[in-house]
Amino acid sequence: MATTHLGVLDLVPISSGSNATAALHNSIDLAQHAESLGYSRYWFAEHHLNPGVAGTSPAVVLALTASHTSTIRLGSGAVQMGHRTALSTVEEFGLLDALYPGRFDLGLGRSGGKPREPATTAPTSPRPVTNGHTANGLRIPPRFDIRPLLSSPRFGLHKALLQLPGAESQDYTEQVDDVLALIADKYQSADGLEAHVVPGAGADLQVWILGSSGGESAIVAGHRGLRFAANYHVAPATVLEAADGYRAAFRPSAELDRPYVAVSADVVVADDEATARELATGYGLWVRSIRTGEGAIPFPTPAETRRHPWSESDRQLVADRVDTQFVGTASKVADQLERLRDATEADELIITTITHDHRDRVHSYRLLADEWARR
């Protein structure tokens, strides 16, 4: 167990009644706790136009956090490349590496880019899933249909505000290749012109690809011999496809001689089962706000959540996420994480926890770290 490291994924959540300033202070505080508790890495996600999420710029939040920590690896989970260029991304992380060398993970995500739905996936033999569970009991829910969310007016506004007028996203695989070439200081245009990024060329960055299926993200990660993170907490239905697709596509590189997979999980741990369930009460309503196209609301209290008039369609909308959230005592949740690790053959696990009260979130990570260290 000691070789299966735990990391942290932080969205910089804003709780109801609070604000972005408090959320940022909370995230820096949590990173300091995570470092002292032995978590291996601390990642920040990138989200936009969400009233309840302050993590809009991973590079900025990483710079703030680096100045308050000293040993824990820091990274993006992930930089969303659909509205970025390879150059701007390498420049940002080159600046970070110039001041804090060797501490950063550059996680690249395909969200917002093209193609939205890859035409091919890496060839694999599907894992057996019976009655919604793997052989070892991991819950694999029905696939969530994301198409209504992608066609929502808010998603259109999101894309319009993030991209320059008339701009078109670069092919994701080409972007990854450009990022790698710029970091390696080997970039050359089609016309034979060289580009040397300062700072950025030669930066000591660990490049990751994040993905939710066995499509383009998994394939490019495998073909380039990069580390891959599969999102059980966002897309639990396709986590096996993502991990297996990456492994099927993997080719050894100078960076890795074998596939390396991290898998995320949404977790709430408390001293007893009832308290954990109470702390996790707001999760379903929060997920609903995202999937309806409203944008993530400030994370609600249990009382605020209970006042929501839930419809059957509401419950179906969030069922896959609620059913795959790991909630309970440290012992129970650690058992579930072991099951996730074994089913996906993960090399490490990335833990994301959101509660209304920051102290409960810190306590959840502390309880889990203590239990994990005993195994």
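1. Helices (H or I, at least four residues) and strands (E, at least two) are DSSP runs, numbered from the N terminus. Ser76 has its place in strand E3. The model is a predicted one, in which local features need pLDDT of at least 70 and side-chain atom pairs count only at pLDDT 80 or more, while totals for chains, interfaces and linings use all residues. Residues are numbered from 1 along each chain as its sequence is written, and side-chain values use heavy atoms, with hydrogens and water left out.

2. Ser76 and its surroundings. Buried means under 20% relative accessible area, exposed over 50%, and partly exposed in between (1.4 Å probe, protein chains only). Ser76, with a relative accessible area of 0%, is therefore buried. A polar atom of the Ser76 side chain lies 2.8 Å from the backbone nitrogen of Gly107. Contact means heavy atoms within 4.5 Å; not counting residues up to four places away in sequence, Ser76 touches Trp43, Phe44, Pro58, Leu62, Phe93, Asp105, Leu106 and Gly107.

3. Strand E3 and its partner. Arg73 and Gly75 point one way from E3, Leu74 and Ser76 point the other way, and all are buried. Strand E2 (residues 41–44) runs parallel to E3 and is joined to it by 4 bridges; two strands pair if DSSP finds at least two bridges between them. Arg41 has Arg73 as its bridge partner in E3.

4. A salt bridge is a side-chain nitrogen of Lys or Arg within 4 Å of a carboxyl oxygen of Asp or Glu. Side chains of opposite charge can pair when their charged atoms come close. The structure holds 28 salt bridges, one of which joins the side chains of Asp105 and Arg73 (2.7 Å, N to O). Asp105 lies in strand E5 (residues 104–109) and Arg73 in strand E3 (residues 73–76), so the pair ties together parts that are 32 residues apart in sequence. Both Asp105 and Arg73 are buried.

5. Glu241 and Arg143 form a salt bridge whose closest N and O atoms are 3.2 Å apart. Distant parts of the chain are linked by this pair: Glu241 is in helix H8 (residues 239–249) and Arg143 in the loop between E5 and helix H4 (147–150), 98 residues apart. Glu241 has 27% relative accessibility and so counts as partly exposed, whereas Arg143 is exposed because its relative accessible area is 58%.

6. A salt-bridge network. Which residues are linked with Asp335 in a network of salt bridges? Glu338, Glu371, Arg374 and Arg375 are linked with Asp335 in that network. Within it, the side chains of Asp335 and Arg375 meet at 2.6 Å, N to O. Asp335 lies in helix H13 (residues 330–344) and Arg375 in the segment after helix H14 (358–374), so this pair ties together parts that are 40 residues apart in sequence. Asp335 is partly exposed, with a relative accessible area of 35%, and Arg375 counts as partly exposed at 28% relative accessibility.

7. Nonpolar cores. A nonpolar core is a set of buried Ala, Val, Leu, Ile, Met, Phe, Trp, Tyr and Cys residues joined through side-chain atoms within 4.5 Å. The largest has 95 residues, of which Trp286 and Leu337 touch the most other members. Apart from this core lies another, of 6 residues, including Val268, Ala270, Ala280 and Val327. Leaving aside neighbours within four places in sequence, Trp286 is in contact with Leu11, Val53, Ala296, Ile297, Phe299, Pro300, Arg321 and Ile354.

8. Gln325. This residue is found in the loop between helix H12 (312–323) and strand E9 (326–328). Is Gln325 buried or exposed? Its relative accessible area is 7%, so Gln325 is buried. The side chains of Gln325 and Asp266 are joined by a polar contact of 2.9 Å, a polar contact being a pair of N or O atoms within 3.5 Å; within protein, one must be able to donate a hydrogen and the other to accept it, and residues adjacent in sequence count only if both atoms are side-chain atoms. Leaving aside neighbours within four places in sequence, Gln325 is in contact with Asp266, Val268, Ala280 and Tyr283.
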